[in-house]
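Me: I have a model open and would like to talk through how its parts pack together. Could you take my questions one at a time?

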Amino acid sequence: MSGNPEWGEVEDGETPVYHERQRLELCAIHALNNVLQEKHFSQEAADDICKRLAPDSRWNPHRSVLGTGNYDVNVIMTALQSLDFATVWWDKRRSVEQLALCNIHGFIVNIPSRVSFGLLSLPFRRRHWIAVRKINGLYYNLDSKLKAPAVIGEDRDVRHYLQELISQGLCEVLLVVQKDVEASGTWLSLE
């Protein structure tokens, strides 16, 4: 698999769906670029963020010691802040019906993922970052391990999708919002 983007099929006049595929352990970078719908961050940019987050650290706690990626949530949050976005941890005790989807740019979700080498699947799981975003009126699963973006559907479908992920446990949901939306709390519907 390569880190090069693939463009999903679209109808005439619609925006193409940007989708980076998995390379090394760079799922955080792919999730960022996929939720932004453009290649904005690279491994070098993420490594620079890591150095700023832990400038005096011999082994940087925000990435893999092997230099292959595996970036933590602090890198994602800092990257988005550099573009005037904010992240909001979703409180899984709340109903997803309370999400004000019209004020949410997208989602970055941390899920367990099987580890495999070719056809060999190992008996343990690692953490994996995926992006979910509304494009052309439909939500897409922009998981970099997928061959192509997967349509989730409309508002009710993305709520169901997120609830399914949450109910399986071991999942964290980050809302990607504009800074003013985060400050005003309008990512949450009070109805």
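Reply: Happy to! One definition to begin with: a residue counts as buried when its relative accessible area is under 20%, and as exposed when that area is over 50%, with partly exposed in between. Please keep in mind that this is a predicted model.

Me: Thanks! How many of the seven residues of strand β8 are buried?

Reply: Strand β8 covers residues 172–178. The strand is largely enclosed by the rest of the structure, because the buried residues among its seven number five.

Me: And how do β3 and β8 run where bridges join them?

Reply: β3 and β8 are joined by five bridges. Within this pairing, F85 has Q178 of β8 opposite. The direction of the two strands is antiparallel.

Me: Which geometry does the aromatic pair of W90 and W187 have, stacked, tilted or edge-to-face?

Reply: The structure holds one aromatic pair. The ring centres of W90 and W187 are 6.2 Å apart, and their planes stand at 80°. Planes over 60 degrees apart fall in the edge-to-face class, so the pair of W90 and W187 is edge-to-face.

Me: How many residues apart in sequence are the parts that this pair ties together?

Reply: W90 sits in the loop between β3 (85–89) and β4 (106–117). W187 belongs to the segment after α5 (179–184). The pair therefore ties together parts whose separation in sequence is 97 residues.

Me: Are W90 and W187 buried or exposed?

Reply: W90 has a relative accessible area of 4%, and W187 has one of 13%. The cut-off for buried is under 20%, so W90 is buried and W187 is likewise buried.

Me: On to the helices. At roughly what angle do the axes of α1 and α3 cross?

Reply: Helix α1 spans residues 27–36 and helix α3 spans residues 73–81. Their axes come within 10 Å. The crossing is right-handed, and its angle is roughly 35°.

Me: How many residues of α1 are buried?

Reply: A28, L32 and L36 are buried, and they also take part in the contact with α3. Among the other buried residues of α1 are H30, N33 and N34. The helix is mostly covered, with a buried count of ten of its ten residues.

Me: Is D84 buried, partly exposed or exposed?

Reply: D84 lies in the loop between α3 and β3. Its phi is near 65°, positive although D84 is a residue other than glycine. Its relative accessibility is 48%, so D84 counts as partly exposed.

Me: One last thing: how far apart in space are Y161 and N141, C-alpha to C-alpha?

Reply: Y161 is found in helix α4 (residues 155–167). Leaving aside residues up to four places away in sequence, Y161 touches I130, V132, N141 and I152. Y161 and N141 are 20 residues apart in sequence, and their C-alpha to C-alpha distance is 9.5 Å.

Conventions:
Residues numbered from 1 in each chain as written. Predicted model: local features only at pLDDT ≥ 70, side-chain atom pairs only at ≥ 80, totals over all residues. Heavy atoms only, no water. Phe/Tyr/Trp six-rings, centres within 6.5 Å; stacked < 30°, edge-to-face > 60°. Helix = DSSP H or I, 4+ residues; strand = E, 2+ residues; numbered from the N terminus. Buried < 20%, exposed > 50% of the residue type's maximum accessible area, 1.4 Å probe, protein only. Pairing = 2+ DSSP bridges. Axes fitted to C-alpha atoms, helices over the stretch in contact; angles between N-to-C directions. Left-handed = near helix turned anticlockwise from the far one by under 90°. Contact = heavy atoms within 4.5 Å.
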